[in-house]
Amino acid sequence: MSSSSVNELFARFDETVPNIGQSLLAPIRGIAFWTAIALPFLYLPLLASGLHSGSVRTAFAALVVCNAVSLLIGHSHARE
């Protein structure tokens, strides 16, 4: 394999990787966006039952953190 064919291979790889990256990011952002919309509905049963026990408080805090992460990731979904 000559050096020019290796350079061509790397150039083709560099052109392909960003396209693959964008095609993978779009669904992840979409899932995160819709997750951020749906997660607050899971707060309601926890809040209705009260945050008296430690496990319920932990679950509520985990949901809030997951919602914040989903908001950050899905913020730019379908923005044009």
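Guide: Start with contacts, meaning heavy atoms within 4.5 Å. Leaving aside residues up to four places away in sequence, S70 touches A32, F33, T35, A36, L39 and H75. This is a predicted model, where local features need pLDDT of at least 70, side-chain atom pairs count only at pLDDT 80 or more, and totals for chains, interfaces and linings use all residues. Residues are numbered from 1 along each chain as its sequence is written, and side-chain values use heavy atoms, with hydrogens and water left out.

Visitor: Where is S70 found?

Guide: S70 belongs to helix 3, residues 54–74; helices (H or I, at least four residues) are DSSP runs numbered from the N terminus.

Visitor: Is S70 buried or exposed?

Guide: Buried means under 20% relative accessible area, exposed over 50%, partly exposed in between (1.4 Å probe, protein chains only). S70 is buried because its relative accessible area is 10%.

Visitor: What joins the side chains of N67 and Y43?

Guide: A polar contact of 3.0 Å, that is, a pair of N or O atoms within 3.5 Å, where within protein one must be able to donate a hydrogen and the other to accept it, and residues adjacent in sequence count only if both atoms are side-chain atoms. N67 also lies in helix 3 and is buried, at 9% relative accessibility.

Visitor: How many aromatic pairs are there?

Guide: Rings of Phe, Tyr and Trp (its six-membered ring) pair if their centres lie within 6.5 Å; planes under 30 degrees apart are stacked, over 60 edge-to-face, the rest tilted. The count is 2. One of them, F33 and W34, is edge-to-face because the planes stand at 85 degrees, with centres 5.1 Å apart.

Methods. Helices (H or I, at least four residues) and strands (E, at least two) are DSSP runs, numbered from the N terminus.
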